[in-house]
Amino acid sequence: MSTTNITKEEVLEAFQFRHATKEFDATKHLSDDEINFILKTAHLSPSSFGFEPWHFVVVQDKELREALKPLAWGAPLKLDTASHFILGLSMKSPMTKWDSEYINHMMKDVKQLPEDVIEMYSKFYREFQERDFNLDTDKKLFDWASKQTYIALGNMMTAAALVGIDSCPIEGFHEEKLEKLLQDKFDVDTTKYGLSYMVAFGYRKEEPARAKSRRNFKDIVSWK
Ligand SMILES: Cc1cc2nc3c(=O)[nH]c(=O)nc-3n(C[C@H](O)[C@H](O)[C@H](O)COP(=O)(O)O)c2cc1C
């Protein structure tokens, strides 16, 4: 298998192209193939121990998009105009704690590890959570899962940019109220999942009003 013969310059061009798109052209839609391509990059994203502590809800239903609006100040224009709108959910402690049913299922059924390896892995995973990373509250465990779900976010947005698709990551929402809505209207079991972010995909309505601004490169990297 070969990887790709895209040049470094082309990759950086895609990073320049990607910007937080404020308004999409509502007449332009991603094909099923395009949105599935983006979702597959989330699927293939790395996660701690490979436990994939995430779920992605693609919200295409107009009524559900409307319901999100009052609780998501960073999203209304995107909800109205984006071709595809995704909720990035992360798992909570009943799913990700070292001794959970889900973790056992991942090791046994998905990774198909033999019993003795599962036992060894469990011990190691417990030490990682309790001793190394001090993940001793539900909030810490959720934030740790969230960090991983953000890797998938970065990959989805970069992959989209590489094929000329625009995106906008969104954290502008009321966490508690939105969680209630997810429970009531989206069939999300919020004892198991919480919302980390939203992300919209589509095609820009117009070019960004301002050029990209970033700190000096030398201020963000140090070499020792
Ligand atoms: C985690 C995260 C949350 C964000 N939330 C919002 C949001 O709610 N609404 C919005 O319009 N932009 C949002 N943004 C976009 C940022 O404002 C934008 O990425 C940043 O200003 C840099 O600009 P650029 O992405 O166009 O290069 C968010 C970005 C990130 C990474």
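Predicted model: local features only at pLDDT ≥ 70, side-chain atom pairs only at ≥ 80, totals over all residues.

Colleague: Good to know! What makes Phe 49 and Phe 51 a stacked pair?

Modeller: Two values settle that. Their ring centres are 5.9 Å apart, and rings pair if their centres lie within 6.5 Å. Their planes are at 10°, and planes under 30 degrees apart count as stacked. Therefore the pair is stacked.

Colleague: And why is the pair of Trp 54 and Phe 56 called tilted?

Modeller: Here the centres are 6.3 Å apart, so the rings pair under the 6.5 Å limit. The planes are at 40°, which falls between the limit of 30 degrees for stacked and that of 60 for edge-to-face. Therefore this pair is tilted.

Colleague: How many aromatic pairs does a search of the whole structure find?

Modeller: The search finds 11 aromatic pairs. Ring pairs also link several residues into a cluster, among them Phe 49, Phe 51, Tyr 121 and Trp 144.

Colleague: How do you know whether Phe 49 is buried or exposed?

Modeller: Its relative accessibility is 18%, and buried means under 20%. Phe 49 therefore counts as buried. Phe 51, at 3%, counts as buried too.

Colleague: Why is Val 163 called partly exposed?

Modeller: Val 163 has a relative accessibility of 44%. Buried means under 20% and exposed over 50%, with partly exposed in between, so Val 163 counts as partly exposed. Val 163 lies in the loop between helix 8 (138-162) and strand 3 (166-170). Together with Ile 6, Phe 37 and Leu 162, Val 163 forms a nonpolar patch on the surface; the accessible area of the four is about 300 Å².

Colleague: Which residues touch the most other members of the largest nonpolar core?

Modeller: That core has 40 residues, and those that touch the most other members are Leu 68, Phe 85, Leu 87, Leu 178, Phe 186 and Met 198. Among the elements that each supply at least two residues of this core are helix 3 (62-68), strand 2 (84-91) and strand 4 (193-202). There is also a second, separate core of 17 residues, which includes Trp 54 and Phe 56.

Colleague: What is Met 198 in contact with, leaving aside its neighbours within four places in sequence?

Modeller: Its contacts include Leu 68, Phe 85, Leu 87, Cys 168 and Leu 178. In soluble globular proteins, nonpolar side chains tend to be buried together.

Notes
Residues numbered from 1 in each chain as written. Heavy atoms only, no water. Patch = residues over 30% accessible without salt bridge, like charges linked within 9 Å, V, L, I, M, F, W, Y side chains within 5 Å. Areas by Shrake-Rupley, 256 points an atom, 1.4 Å probe, with all protein chains shown as cover. Salt bridge = Lys/Arg side-chain N within 4 Å of Asp/Glu carboxyl O. Helix = DSSP H or I, 4+ residues; strand = E, 2+ residues; numbered from the N terminus. Buried < 20%, exposed > 50% of the residue type's maximum accessible area, 1.4 Å probe, protein only. Core = buried A, V, L, I, M, F, W, Y, C linked by side-chain atoms within 4.5 Å. Contact = heavy atoms within 4.5 Å. Phe/Tyr/Trp six-rings, centres within 6.5 Å; stacked < 30°, edge-to-face > 60°.
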